[in-house]
Amino acid sequence: LNEKEEKFVVDTLAGCTEYKSILDVVVKAFYVQDGKYCPISERNLYIVICYLATFQLEEIGLQHFSRIVKSLDTAKMQQFLRFFFNDLYLNTWIKDEWSHFYDSVYVKENWIDPLLRWQPKVQKLIEKLTDKLSNRTTTVKTLRVTQPKEFNLTVPKPRAIAPPSPAPLPVLPKRQPVPPSIYKPPKERKQLEEIKTKNIQKAKVSILMLFNLAPFIYFKFLCRINSAVFILWSQISCEQYLEVVWESVLTQYFEELTKQPQDLIDNIPIKLNTAAILREGALYQRKLEEELKRIENLQQGAGDLSEFLEWQKQMRGKDLEEQLAEIEYRKLQGKLSYEEAVLAHQNVTQENKKKADLLREEKAELMHLYAEKRLQEQKEMKELVEQVMEGHKNVKQAKEKIQEYKQQIVQQVCEESEELLRQALEEKEDQYRKRYDLIQQIRAIESIPGIRHKFVDLTETGGHGLFGEMSIVELRERLALLKEAQKAVEEEKRDQIINEKQAKEQLILDKLDKISQFRAELGRAAALKQEEKKRSQFGERPMKDERILNLQKKIEEKTMERKKRAGLL
C-alpha cells in the first residue's frame, strides 16, 4: 500500500475500535430488522461502512465513499445504507442510544446533523444501487436454460459361459472309536508295585542276615584297620596320611562286604543337585576325620564309652517315663475340665428358664396396656372423623379461593418465565457471536503457512560450545567401536565360564563317587542299629504317680454329680 492508503486503513481501524460501542448499536439493530438473513461474518464490513459514513464522510468526500460502496456487494450496501440514512431512525432511537454513551448535545451537533445534511446525496447513491439491482435481475432472466446431455456409458462386455459344476467331494470313511484301554491304568504300574514289595521283603531278609554276621565282621575289620594304620604311618608323611587311610579303609571294608551276597540289597540311586552333592561330600569327609581321630585315641589308650552310654540309656528311660506320666496327667486334667463345663452349662440353663418365665409375665402386662391404648386411640379417631365431616360443608368456598390463588401464581410464573427466556436468548446470541469471532481468528492463524521441514547435516556439530561436542556420524562410529570392545570382553568371559564349569563338573563327579561309597556303608550300619534297637526295646508301662490318681478320683466324683443333675432335669 501507499503511505496515504496505509494511513487511511490504520485510521479506520483505530476509529472502529474507539467508537465500537455506538457502531455496534446500529449494526445490531440492522441485523434485527432488515438484515435478518445476512451472515454474521459480514458484521465487521457493516461496522466499517457505518464508521466511514458517520466520521469520515466529510474528509474523504462522497465520490470516494461511493467508490468504496460500489466495490462491495450491491444488494447488501443498498440495504444497509437505506436503513442507516433513514430520517426517522436518525432522529429517534439512534440519537437516544448514542446519547447513553455521549452527551446528547454533542451527538446532535457533531454526528446526527452532518448525517442529515448528507442524507439527500446519499439517497441518490441508494437509488443508483437499486437501479443496478433491477437491471441485474432482468439480465438474469434472459439466461438460456441448460440442456441435458446423455451420459457416455461404456457398453458392457458379453458374459462368458459359466464353467461346469465342480465334482462332488469324496466322503471320508468313519473313524474307528477310541479303544477302551486308553482309559485304563497301564500294566507297568502294577508290575512296579509288585517289584517294590519284593524288594522290601529282600531288604528285610538281607538286614537280618547282616545282623547275624555283624559282630564277626566288625571285629575283623578293626584288627585289619589297626595293622594297616601302623604300617602306613611308618612309611608315609603326615600330609598324605588322610588320603592313604581313606583308601585302605574302603578297600578292607569292601573286601569283607563282597564276600556276602550283594543281590539281597537294592541300592536306589537318588538324583542330587550341585549344592546337595557338595554338602553331603563335606559331611562324609567330616565324619571320616572324626572316625580316624577316635581310632587314634583308642590306640593311645583312651577309655571306652560303654558305661557312659549305659547311664545315658537309663536316664533317657527315666525321662520317657516322666513324659508319659505328664501326658497322662494332662489328659485327666482335660476330662476334669470337661465335667466342670457340663455342670456350668446345666446351671446356666436353669437360670435361663427363670429369666424366660419373668419375660413372659412382663410381656402379658405390656399386651394388656397396649390393648387399652388402642381403645383410647379408636375413640379419638371417631371424634376426629366427626369434626372432618363438619368441615366438608365449607369445602366449596375454600376451593374457589384456592383456584383464584393458583391462577394468580400461574400468571406471575408465566411472566417471569418469558422474561427469563428472553434474557437467555440474548445471552446465547452473544455467546454464539463471540464463539464465531474466535473461530474466525483461529482459522486465520491456521491459514498462515509455517516452515515445517528443516535440513539436518549429520556431519556437523551442534555448536553449543561444549568440550565433548561431536557430530552424529562421529557418535555412531564411537558406538560401533564400543560395541566391538564389549563383544570381545563377552567372549573372554564366556570362555572363562566354560572352563570353570568343566572344573566344577569334574569336582562334582569325584564327590559323587565318594558319596555313593559312604551311602552303601551307612545303609548297612543303619540296618544293624535298627535290629539292635528292636531287641533292646522294653515294654514296661510307666507307673502312675499320686497326681494322676487324685485327678482320676476327682473325675469320678464330677461324673456322678453330673449324672444326678441330668436325672433331676
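Read along the sequence, the predicted model follows the pattern α-α-α-α-α-α-α-α-α-α-α-α-α, with 13 helices and zero strands; helices (H or I, at least four residues) and strands (E, at least two) are DSSP runs numbered from the N terminus. Residues are numbered from 1 along each chain as its sequence is written. Because this is a predicted model, local features need pLDDT of at least 70 and side-chain atom pairs count only at pLDDT 80 or more, whereas totals for chains, interfaces and linings use all residues, and side-chain values use heavy atoms, with hydrogens and water left out.

The average pLDDT, the predictor's confidence in each residue from 0 to 100, is 78, and 81% of the residues score at least 70. The pLDDT falls below 50 over residues 137-141, a stretch that has zero contacts in the model beyond near neighbours in sequence, a contact being heavy atoms within 4.5 Å. Residues 538-543 also have a pLDDT below 50, and this stretch has two contacts beyond near neighbours in sequence. Where pLDDT is low, the predicted coordinates should not be read in detail.

Of the 569 residues, 18% count as buried, a term that denotes under 20% relative accessible area, with exposed over 50% and partly exposed in between (1.4 Å probe, protein chains only). Not counting residues up to four places away in sequence, F65 touches I49, L52, A53, L57, I60, L81 and L125.

In helix α4 (residues 74-84) lies Q78, which counts as buried because its relative accessibility is 8%. Leaving aside neighbours within four places in sequence, Q78 is in contact with I126, L129, T130 and L133.

A search of the whole structure finds 20 aromatic pairs, in which rings of Phe, Tyr and Trp (its six-membered ring) have centres within 6.5 Å, planes under 30 degrees apart counting as stacked, over 60 as edge-to-face and the rest as tilted. F30 and F80 form an edge-to-face pair, 5.2 Å centre to centre with 90° between the planes, which links helix α2 to helix α4 across 50 residues; F30 and F80 are both buried.
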